[in-house]
Amino acid sequence: MNEQELVKKVASLAKLGVDDACSESLAADMKNMISFAALSSESGCFAMSNEKEPMILRQDNVGESFDRALLLEQSYNANDEFFTVPRVVAGGDGNE
Amino acid sequence: MNEIIKRTLREHAHALRGGEYSSEELTRAYLERIDKCENDINAFITVTQQKAIDDAVLSDKRRKNGEAIGVLDGIPIAIKDNICTAGIRTTCASAILSSYTPPYTATAAGKLLGGGAVLLGKLNMDEFAMGSTTESSFFGATKNPLDQTRTPGGSSGGSAAAVAAFECAGALGSDTGGSLRQPAAFCGLVAMKPTYSRVSRYGLVAFASSFDSIGPITRSVYDNALILSAISGKDQSDATSKDAPGEDLINSIGEPVNGIKIGLPRELFGDNVSPEVKDAVMNAAKTYEKLGARIVDISIKSLDDAVAAYYIVSSAEASSNLARFDGVRYGSRDQSARSIEEVYTKTRSNGFGDEVRRRIMLGTFALSSGSYDEYYMRAKRACDLVRAEILNALNVCDVILSPTAPITAYKLGIKRDDPTEIWADDICTVPANVSGLPALTLPCGADTSGMPIGVQLMGKDFSESLLYKLGYALEAERSERE
């Protein structure tokens with residue numbers, strides 16, 4: 001992944017809009033920031049890593065929005081536009 | 001200028017108690033000063049003029065009836081604009097929150113106002129407290145009252161400038177990586193970054209939750225201790241807050257400092273520290289030696305990595321904390337958006353300034369699946385290591401003395417195009433945030449342009465009374481010399 005692609009992916013995860021002109025300058029900023037934030041290889045924190053039990057992480061992907069009709073179909077109680085949730089404050093009849 | 005506004009908070013408390021002047025007279029004097037110099041300084045985002053006068057009148061009535069609440073009753077103060085105040089706009093100096101009025105008051109602010117302090121208004125800052133110059137504010141840069149071509153520092157630049165310009169008797173700010181101490185040093189003031197958990201963060205708009213602290217900026221060490229005493233303590237609304245174990249922050253002030261061991265870490269006196277700053281800080285160390293303290297050289301190797309680790313962890317936390325500003329939960333919604341995705345992206349892209357967007361990008365990158373282990377986890381380990389090594393050093397000395405900032409206040413706009421160069425200047429302040437330990441800054445000299453130099457004292461968890469004792473000793477020695 002090149003730097004501009006990286007910027008676009010990170011911007012998408014962060015819900016920030018980035019156009020082509022902006023992504024070029026942000027790519028330069030990201031490069032500076034990432035190299036600034038790199039810990040020195042002599043840092044003691046490297047010795048603290050637990051290589052035997054690496055963390056397993058999911059892939060970060062921005063998904064499509066949910067399908068409204070499908071959500072309403074599966075809800076406990078719905079009207080034409082919204083699903084409704086039980087009232088939890090005292091005094092309600094439990095189904096408003 | 002009405003000369004009473006130059007008095008310290010302690011002197012105001014004494015004068016109000018003795019009936020020398022009323023809270024209303026004092027409040028009006030500060031409001032006149034604000035009116036006169038705000039066009040130049042721009043320390044305030046919101047001035048609560050009528051409320052301040054009304055509260056001062058109420059304070060005078062309480063005093064007249066023998067019902068004064070405490071030492072701060074009737075004293076005019078101001079609060080950084082990332083600390084929530086019910087019914088008063090709280091903007092974080094950002095376009096996205098420019099019309100946000102919180103429905104509740106932060107605990108720290110509530111303790112001050114509940115103690116009778118009079119709120120003059122809300123203070124300018126770097127947007128969401130991300131910056132060191134107060135230039136990233138949506139409401140325009142704040143200027144240093146000592147030289148208006150220079151920055152007051154940041155992010156609590158409005159708090160420091162307001163106190164230095166005699167626009168209030170004292171102020172609250174926040175400190176995530178030095179945001180109280182660096183502006184205090186740049187404006188010749190006293191500031192305390194308290195032990196993490198001493199002051200409730202409830203109502204402080206979160207930037208990096210594991211580093212954020214609320215603290216006071218004042219003109220004297222005693223004033224600082226007065227405000228910190230008022231805002232400290234366990235709060236049911238902040239699970240991370242704690243009561244300090246049985247200590248009085250005021251009582252130790254004025255006690256002798258002989259026998260106290262002061263460590264000078266060589267990593268904080270490196271080539272990036274200007275010779276003038278080094279000289280002034282070493283002179284402060286010599287003053288302590290003259291007062292009977294012992295100076296020892298120490299080395300804390302992990303401090304070299306503290307700034308890098310800080311920027312990864314704080315940006316990661318910021319990217320998560322600022323996710324709520326999306327035009328749905330919080331923030332002024334972009335009206336041109338045509339879908340929910342557009343609401344998020346347009347609101348956030350137009351609502352945040354450049355520095356905030358950069359930090360969100362860095363933080364999101366550090367937390368993303370391909371980088372989490374390499375950046376975020378390593379940085380978290382580096383933070384643990386910094387704290388462990390500082391505490392180790394504090395077994396051989398009682399406090400650690402260093403410059404507060406490697407340089408003095410510089411010209412406005414001078415470093416704007418190179419954000420990471422500014423980041424590197426946080427070398428002296430960041431260790432206290434990364435380790436959660438308390439750190440006090442106070443003036444110790446000036447450079448050849450007359451700009452103040454700050455010295456920093458860092459101690460063990462909840463050692464604020466020791467720091468105040470040492471700070472007061474240096475302040476008294478310097479005022480005697482002058």
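1. What share of the contacts in chain A with a separation of 6 or more comes from residues 24 or more positions apart? The share is 16%, where contact means heavy atoms within 4.5 Å.

2. A word on the basis. This is a predicted model, in which local features need pLDDT of at least 70, side-chain atom pairs count only at pLDDT 80 or more, and totals for chains, interfaces and linings use all residues. Residues are numbered from 1 along each chain as its sequence is written, chains are lettered from A and ligands numbered from 1 in the order in which they are written, and side-chain values use heavy atoms, leaving out hydrogens and water.

3. Chain A has 3 helices and 0 strands. Helices (H or I, at least four residues) and strands (E, at least two) are DSSP runs, numbered from the N terminus. The order of elements in chain A is α-α-α. Of its 96 residues, 22% are buried. Buried means under 20% relative accessible area, exposed over 50%, and partly exposed in between (1.4 Å probe, protein chains only).

4. Turn to B:Tyr21. It sits in the loop between helix H1 (9-18) and helix H2 (23-41) of chain B. B:Tyr21 is buried, at 7% relative accessible area. Leaving aside residues up to four places away in sequence, B:Tyr21 touches several residues, including B:Ile4, B:Arg7 and B:Leu26. B:Asp60 is 39 residues from B:Tyr21 in sequence, and their C-alpha atoms are 9.9 Å apart.

5. Next, two helices of chain B. The axes of H9 (residues 303-321) and H11 (residues 354-367) come within 7 Å and cross at roughly 100°. Axes are lines fitted to C-alpha atoms, for helices over the stretch in contact, with angles from 0 to 180 degrees between N-to-C directions. H9(B) is therefore roughly perpendicular to H11(B) (65 to 115 degrees). Among the residues making the contact are B:Tyr311 and B:Ile312 of H9(B) and B:Arg359 and B:Ile360 of H11(B).

6. Now the rings. Rings of Phe, Tyr and Trp (its six-membered ring) pair if their centres lie within 6.5 Å; planes under 30 degrees apart count as stacked, over 60 as edge-to-face and the rest as tilted. The count is 14 aromatic pairs over all chains. B:Phe138 and B:Phe139 form an edge-to-face pair, 5.3 Å centre to centre with 80° between the planes. B:Phe138 is partly exposed at 49%, and B:Phe139 is partly exposed at 24%.

7. One aromatic cluster holds A:Phe36, B:Phe211, B:Tyr310, B:Tyr311 and B:Trp423.

Conventions. Parallel < 35°, antiparallel > 145°, perpendicular 65-115°, else oblique.
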